[in-house]
Amino acid sequence: MPTKIEKDAATGTDTTGHEWDGIKELNTPLPKWWLYTFYACIVWGVIYTVLFPSWPTLSSHFGGTSGYSQRADVAADLAAQKAGQADLREKIVAMDIDSIRKDPALMGYVQAAGRVAFADNCAGCHGAGGAGAVGFPVLADDDWIWGGKPDQILQTITYGIRNANENSRISDMPRFGADQLLTKEQISDVTDYVLSLSGTAGDVAVLERGAVVFAENCAACHGEKGEGVQDMGGPRLSDGIWLYGGDRKSVVDTITNARRGNMPAWIERLDPATVKVLATYVHALGGGQ
Ligand code: HEC
Ligand code: HEC
């Protein structure tokens, strides 16, 4: 192949001398500005890999001569955030829930940290967002077994319910059927009476008998009209909200065997700040009083 450099007549550009089947290659080099930018990038690249963490080695990597590390940056950021949080958490432990609720900065933290702690520790029993499940009360409504005031909620969460902690909330409904405290007929009558409290119609004579059984055996824990007694942990029976089911069979079962659900004392598992955050969070779920 002949290498004859000549000018292309049509464009006035030099050819490279390469020619295939009469077609000649024009020599159109890259613009100078492009070329120098390209060289500058190579130089920059070399300097960069010397200064900053770059080349992999067998067991690790070349760390760069500048000593810079994004990992160290992140660690410093995290430490700073933790220090900021430690401040908030100290305040939360020292303050009562009513005062925490009036402080927007603390409440912002309570909402964020509370959501995470609730999902980690509570949602397994109480459902996402405190929606509740059979045997595990809804925490997002204003129906409270043990009370919905800030201090009552804090007490419930801190020491739990029916556990070994000496401050645990304790109240055991008697097992009226299993321990033969009431006859089957009495249980049947009082079941109809209990159901009538939330509006279910029943036979007048049966309800009258049931009312007597209720007044003698149940009112101390559930209130004279079934309105609930928080100190006794006796749920309200007149609101149509059921922890263990409101169909006839479930109610008979509750009265016959009792249920005695338990909850751990969270102060034995979580730090005081987290417990306080959770109490404030639960109070703010919607039903706090
Ligand atoms: C192992 C299951 C379980 C877990 C986990 C659990 N709870 Fe409970 N919780 C219960 C039961 C059961 C009750 C109701 C007991 C009763 O009174 O019969 C209850 C009751 C409560 C009450 C009282 C509700 C009322 O109406 O008075 C609050 C408040 C509460 N839980 C908050 C929490 C928080 C906050 C967490 C997470 C730190 C949590 N619970 C985790 C089982 C659980
Ligand atoms: C010593 C207190 C106490 C007495 C007395 C008592 N209860 Fe209860 N009752 C409770 C507690 C506490 C619960 C919560 C469930 C549990 O943990 O057993 C409860 C739950 C119930 C429930 C289930 C409520 C729901 O939401 O699912 C029904 C129904 C009920 N009681 C009916 C009765 C009737 C009827 C009597 C009388 C024959 C009675 N109770 C006597 C303490 C008591």
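Me: Which class of exposure does Met173 fall in, buried or partly exposed?
Reply: This is a predicted model, in which local features need pLDDT of at least 70, side-chain atom pairs count only at pLDDT 80 or more, and totals for chains, interfaces and linings use all residues; side-chain values use heavy atoms, without hydrogens and water. Residues are numbered from 1 along each chain as its sequence is written, while chains are lettered from A and ligands numbered from 1 in the order in which they are written. Buried means under 20% relative accessible area, exposed over 50%, and partly exposed in between (1.4 Å probe, protein chains only). The relative accessible area of Met173 is 24%, so Met173 is partly exposed.

Me: How many residues apart are Met173 and His222?
Reply: Helices are DSSP runs (H or I, at least four residues), numbered from the N terminus. Met173 sits in the loop between helix 6 (150-159) and helix 7 (184-197), and His222 in helix 9 (residues 219-222). The pair links distant parts of the chain, and the separation is 49 residues.

Me: Which residues coordinate the iron atom of ligand 1?
Reply: The 6 donor atoms around this iron atom subtend angles of 85 to 179°, so the arrangement is octahedral. Two residues coordinate the iron atom of ligand 1 at 2.0 Å, through NE2 and SD: His126 and Met263.

Me: How many residues apart in sequence are the parts that His126 and Met263 tie together?
Reply: His126 is buried at 10% relative accessible area, and Met263 is buried at 15%. His126 lies in helix 5 (residues 123-126), and Met263 in the loop between helix 10 (248-257) and helix 11 (272-283). The parts are therefore apart by 137 residues.

Me: How many disulfides does a search of the whole structure find?
Reply: A disulfide is a pair of cysteine sulfur atoms within 2.5 Å. Cys125 is partly exposed at 39% relative accessibility, and Cys221 is partly exposed at 23%. The number of disulfides found in the whole structure is 0.

How values were computed. Donors = N, O, S within 2.8 Å, 3.2 Å for Na, K, Ca; no water. Tetrahedral: all angles 85-135°; square planar, octahedral: opposite > 155°, others 65-115°. Helix = DSSP H or I, 4+ residues; strand = E, 2+ residues; numbered from the N terminus.
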